[in-house]
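Dear colleague,

I am handing over the structure below for your records. Please look through it first; my notes on what was found follow directly after it.

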Amino acid sequence: MPAQGSGSAGHEAVGSVAVRTHADHQNPERTHATQRPQPTLSAHQSMDGHQVNAMAGDPSGENPTQFADYDELPEGHFYDPDAEYEPDPEYAATLAPDAARQRRERIGPTGRPLPYFPIPGPLTDHGPAKIIAMCNQKGGVGKTTSTINLGAALAEYGRRVLLVDFDPQGALSVGLGVNPMELDLTVYNLLMERGMAADEVLLKTAVPNMDLLPSNIDLSAAEVQLVSEVARESTLQRALKPLMQDYDYIVIDCQPSLGLLTVNALTAAHKVIVPLECEFFALRGVALLTETIEKVQERLNPELELDGILATMYDSRTVHSREVLARVVEAFDNHVYHTVIGRTVRFPETTVAGEPITTYASNSVGAAAYRQLAREVLARCHAE
Ligand SMILES: Nc1ncnc2c1ncn2[C@@H]1O[C@H](COP(=O)(O)OP(=O)(O)O)[C@@H](O)[C@H]1O
Ligand SMILES: [Mg+2]
């Protein structure tokens, strides 16, 4: 067998050299496995469990001629010129974006420089409310979690907040410790019964400054009954009107559909927040959602605008999450909030506890994330 690679110029040749054990040959799945004849170059273990060529990415050129003589291959090893190489993970790390620069420029998880969102000052008077619809026709993306926790964080900053449970499943109500089945009056009554006062339906939550319009399964009937109403799309808008002066923010937790209830929420709203789970298919259906938002804008509510896409359940340790987030930023650019909500079991726990994460685990990363989101939302509102 000819000698491969010599001197530092033989770097590529070194990279192209693969040595497989006899056992690897028997098991062709493990094509990356490399056994070194030299004891000085033991094979590395890469993150996915494959054995990796420690030399392939050696940038120093300090090990130039290790594979010069294949006559030295131990019994049961053979040379494989076609084997592919994975880079040495340590070397790959040196190619990753410079951590020092990231700290200096405060690059956020979305890959853009992270602006500073100031802590909002106290308010002396309140209202009229900005209405935010938390909307995505996909279920399980973090609408309810974001409604509760954004609301609680805004309330912590001294804003008066009203949360509207606009999903017949009543998850928002449950998440705030209310049993929807025991309710006599809900947002359904407010929508469907003329002369019903909001005060009769409103509930105080355990969070100071934050109230709730609860809902339960009754609301599912509204979807059908509203069809024959006059101005059926603006029923919620009319119901919220008397409350506008009492609050700074009203956040509507939409149901996972683009039906009449959601159109009502969009018609009432000034802004839409679209939570997107950092999972495969996250962007599926978003085109339909933005189309719906545009239609409502054109026909029913010219004030409506997409405030932001909120990436949720992000796990920076997985390449997958990072890729999905990069795609979302590519698609929506500055509409993506700088704040990204990480995946943590603390959120499901808060649902069981029936309170927001800002009180349940006040010092947790999740609580900090929603506080930052609140500051970002406030900064965007003040910038207008
Ligand atoms: N950042 C997160 N990390 C982990 N779990 C989360 C996170 N956000 C929400 N969840 C959980 O995911 C599930 C769906 O979230 P939810 O807010 O109810 O979504 P939606 O209202 O869009 O259906 C819930 O069990 C919730 O506790
Ligand atoms: Mg929900």
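Strand β11 is mostly covered, with six of its eight residues buried. A residue is called buried if 20 or more other C-beta atoms lie within 10 Å of its own, exposed if 12 or fewer do, and partly exposed in between, with C-beta atoms placed from the backbone. Helices (H or I, at least four residues) and strands (E, at least two) are DSSP runs, numbered from the N terminus.

Two remarks on the source are needed here. This is a predicted model, in which local features need pLDDT of at least 70 and side-chain atom pairs count only at pLDDT 80 or more, while totals for chains, interfaces and linings use all residues. Residues are numbered from 1 along each chain as its sequence is written, and chains are lettered from A and ligands numbered from 1 in the order in which they are written.

As to the overall picture, the protein has 16 helices and eleven strands. Of its 384 residues, 40% are buried. Among contacts with a separation of 6 or more, 76% join residues 24 or more positions apart; a contact requires C-beta atoms, placed from the backbone, to lie within 7 Å.

I turn next to the strands around β11. Seven bridges join β11 (residues 305–312) to β10, and the two run parallel; strands are said to pair if DSSP finds at least two bridges between them. The chain passes from β10 through helix α12 (residues 286–299) to β11 in a right-handed β-α-β crossover, meaning that, with the strands pointing away from the viewer, the path from the first strand over the helix to the second runs clockwise. Valine 272 has leucine 306 as its bridge partner in β11, and leucine 276 has alanine 311. Strand β10 (residues 271–277) also pairs with β5 (residues 130–134), in the parallel sense, over three bridges; there, methionine 134 is partnered by isoleucine 273 of β10. In β10, seven of seven residues are buried: Lys271, Ile273, Pro275 and Glu277 point one way, and Val272, Val274 and Leu276 the other.

The largest nonpolar core has 84 residues, and Ala133, Ile250, Ile252, Ala265, Leu266, Ala269 and Ala311 touch the most other members. Helix α16 (residues 365–383) gives the most to this core, with seven residues. Such a core is a set of buried Ala, Val, Leu, Ile, Met, Phe, Trp, Tyr and Cys residues joined through C-beta atoms within 7 Å. Not counting residues up to four places away in sequence, isoleucine 252 touches residues including Ile131, Met134, Val164 and Phe166.

Around ligand 1 there are 17 residues, of which Lys143, Thr144, Thr145, Phe347 and Pro348 come nearest; a residue belongs here if its C-beta atom, placed from the backbone, lies within 6 Å. Helices α5 (143–156) and α14 (346–353) each supply at least two residues of this shell.

Finally, some backbone details deserve a note. The peptide bond from glycine 127 to proline 128 is cis, with omega near -10°, and proline 128 is found in the loop between α4 (99–105) and β5. Methionine 313 has a positive phi of about 55° although it is not a glycine, and is found in the loop between β11 and α13 (319–332). Methionine 313 is buried because 22 other C-beta atoms lie within 10 Å.

With kind regards

Key. Two residues are in contact if their C-beta atoms, placed from the backbone, lie within 7 Å.
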